[in-house]
Amino acid sequence: MKANLSDFMFRGLLTKHALRDMQAVGQLREPMGDAQERGDIDLMAPVSESIRSGSLYMQRCYRLLFVLENVVREFVREVLEELDQEEWFSKRASLAMKKKVEDRKAAEAKNQWHTGRNA
């Protein structure tokens, strides 16, 4: 039993080093991402290459737009908080804007499938 365990462990170490060597010389690709990413790749397998590459492009565009929008939003909030502290929205927003915000919050509460707004 002890010999079998030692043999098993030794073979595992040899395999690990062999895999690493094969990856280093390009004979074997490194594993891709976590389980979620591998699952996503499996879901995309039957989809054409043009659709897959288009989705990756759109993912990148969305992420860039998300970052830009939130950096601008954060900057505006910080500037207005410097001027009016926490009450900046109540001091500076028009009645129409305040109503629009309340209407959207009510709609989001009503539609549970919607992800809602962040803080």
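Glu 69 and Arg 73 sit four residues apart in helix H3, so about one helical turn separates them. Their side chains meet in a salt bridge, 2.7 Å from N to O. A salt bridge here is a side-chain nitrogen of Lys or Arg within 4 Å of a carboxyl oxygen of Asp or Glu. The general rule is simple: an α-helix has 3.6 residues a turn, so residues three or four places apart point the same way.

This is a predicted model: local features need pLDDT of at least 70, side-chain atom pairs count only at pLDDT 80 or more, and totals for chains, interfaces and linings use all residues. Residues are numbered from 1 along each chain as its sequence is written, and side-chain values use heavy atoms, leaving out hydrogens and water. The pLDDT is the predictor's confidence in each residue, from 0 to 100. The protein averages 83, and 87% of the residues score at least 70.

Now the layout. The protein has five helices and zero strands. Helices (H or I, at least four residues) and strands (E, at least two) are DSSP runs, numbered from the N terminus.

Start with helix H1, residues 2-24. At 1.5 Å a residue, its 23 residues should span 33 Å, and its end C-alpha atoms are 33 Å apart, which agrees. The expected span is 1.5 Å times one less than the number of residues. After H1 comes Gly 26, whose phi is positive, near 85°.

Next, look at cover. Buried means under 20% relative accessible area, exposed over 50%, and partly exposed in between (1.4 Å probe, protein chains only). Buried residues make up 4% of the 119 residues. Arg 11 is exposed at 54%, while Asp 7 is partly exposed at 36%.

Finally, go to Asp 84 in helix H3. Is Asp 84 buried or exposed? Asp 84 counts as buried, because its relative accessibility is 10%. Leaving aside neighbours within four places in sequence, Asp 84 is in contact (heavy atoms within 4.5 Å) with Lys 91 and Arg 92. Arg 92 also forms a salt bridge with Asp 84, the closest N and O atoms being 2.4 Å apart. Arg 92 itself is partly exposed, at 46%.
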